[in-house]
Amino acid sequence: WSNIGYWGDHQVVYLLRFLEALARHSPGALEDLLEREIFAYADVPYRLKPYAEMVADPRATIAYDADLAARIEERVAASGTDGKLVRDRDGRVRHANLLEKLLVPALAKLSNLVPDGGIWMNTQRPEWNDANNALAGHGVSMVTLFQLRRYLRFVERLLDPLGEVRLPVAAEVAAWLRRVRAVLGEERALLGAAAVDDRDRRRVMDALGAAFSDYRAGVYARGFDGRRDEMPLPEVVALCRMALEHLDHAIRANRREDGLYHSYNLLELSRDDGRAALRRLDEMLEGQVAALASGVVEPPEAVRLLESLFAGPLYRPDQRSFLLYPERELPPFLERNRVPAESVRAVPLLRELLEAGETSVLERDAQGVCRFQADLRNATDLAAALDRLAGRERWTAAVACSCGASRWARF
């Protein structure tokens, strides 16, 4: 299915370059296509889970619809590759105009906006290069946000000169657009602050995520019902401008003291107090390229950015070239997964587990070094191991005493 269209993480930047090229090559062509219903949707049998499930486990966010895949194969056998396209209720390929097709990727990205963080990478895709595989799930992309800014500015400038024109779009897409616009409008007060705090960030995420989740649930269950809303182009322009305010606030928040920009951030979602925290990652080359391409960096600032690139760890003077990210000396394999002795002494449960020879959470290696059990990959696995341990009568009280509600932090 990866050969149908573009990966969601690439769609905006690739689509935008095609649009810009067409606008230069054939002025007026895009305006003519805005109302022509000659475009289609791929009926991909991967389904994004509801927003609440994404928050619960950002690394398990899609499900494969085997029944739909079988029906698609039957259609392909009967009608060729058109069988892979979304059908209307009469069984014909469902067509849309260019305006609707421009709105859907923009709304999908905006619905995954993490204020002051970027666009949440929650579709189990790495984005750009395989070095980012580990970011799929908890990664938040400023690179996509930079590209989205340029995309929205392009759409705004395409539509604004057309005045009060109304064009038909699917009622489901129109409702989704209005919910996203309402959320961004209600949260404009955040733009007056230097930075967005963790609770405000989570509130915006939840509202935008619910809008997208509800749209998906309806389309997955019933498809497009055939109704069209006459969408005023000024309403789309207003959405673009309002979204640009939020994106520009995020860009300012991600400008580093050295003039570079954060490329990716890590998202930490709390389960109990409604927070969405961000952790900044090291500088990366693609973030600087995307920032320069976004249209937001003024010439004097661009000069400083380039000077910082040449002066920083991304530049290799011996090669007269740049690295994707700073070269680091990684710890050897056996230096990883160590639990310091002082940490073991500080947590009663760990001491008791070692004394009892219980190795479901912690064990000593042949050299006497304490390590987490080898099958535990992350905090989620650790939490599950602790839950299983708490289910055994001998350890129930010890787990509750040592861990409590903040057990991950203690470990």
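1. Which residues line the largest cavity? In this predicted model, the lining is made up of Leu 113, Val 114, Pro 115, Asp 116, Glu 187, Leu 190, Leu 191, Val 196, Val 204, His 246, His 249 and Ala 250. Two elements, β3 (113-114) and α9 (233-253), each give two or more residues to this lining. The largest share is that of α9, with 3 residues.

2. The volume of the largest cavity is about 90 Å³. Searching the whole structure for cavities of 30 Å³ or more gives 4.

3. Next, a helix pair. Helix α7 covers residues 171-186 and helix α8 covers residues 198-222; their axes lie 9 Å apart, and the two pack at an angle of about 175°. Because angles over 145 degrees count as roughly antiparallel, α7 is roughly antiparallel to α8.

4. From α7, the residues in this contact are Glu 172, Val 173, Trp 176, Arg 179, Val 180, Val 183 and Leu 184. They meet Val 204, Ala 207, Leu 208, Ala 210, Ala 211, Phe 212, Asp 214, Tyr 215 and Val 219 of α8. The contact holds 13 nonpolar and 3 charged residues, with no polar ones. Val 204 is listed in this contact and also in the lining of the largest cavity.

5. Last, aromatic rings. The count comes to 10 aromatic pairs. In the pair of Tyr 41 and Phe 224, the ring centres are 5.3 Å apart and the planes are at 35°, so the pair is tilted. Tyr 41 sits in the loop between α2 (29-33) and β1 (46-48), and Phe 224 in the loop between α8 and β7 (228-232), so this pair ties together parts that are 183 residues apart in sequence.

How values were computed. Residues are numbered from 1 along each chain as its sequence is written. This is a predicted model: local features need pLDDT of at least 70, side-chain atom pairs count only at pLDDT 80 or more; totals for chains, interfaces and linings use all residues. Side-chain values use heavy atoms; hydrogens and water are left out. On a 1 Å grid over the protein atoms alone, a cavity is a set of points where a 1.4 Å probe fits but cannot get out, and a pocket is an open set with protein on both sides within 12 Å along at least five of seven lines; lining residues have an atom within 4 Å of a point. Grid points are joined across faces, edges and corners, and a volume is the space filled by probe spheres set on the points. Helices (H or I, at least four residues) and strands (E, at least two) are DSSP runs, numbered from the N terminus. Axes are lines fitted to C-alpha atoms, for helices over the stretch in contact, and angles run from 0 to 180 degrees between N-to-C directions. Angles under 35 degrees count as roughly parallel, over 145 as roughly antiparallel, 65 to 115 as roughly perpendicular and the rest as oblique. Contact means heavy atoms within 4.5 Å. Ala, Val, Leu, Ile, Met, Phe, Trp, Tyr, Cys and Pro count as nonpolar, Asp, Glu, Lys and Arg as charged, and the others, Gly among them, as polar. Rings of Phe, Tyr and Trp (its six-membered ring) pair if their centres lie within 6.5 Å; planes under 30 degrees apart count as stacked, over 60 as edge-to-face and the rest as tilted.
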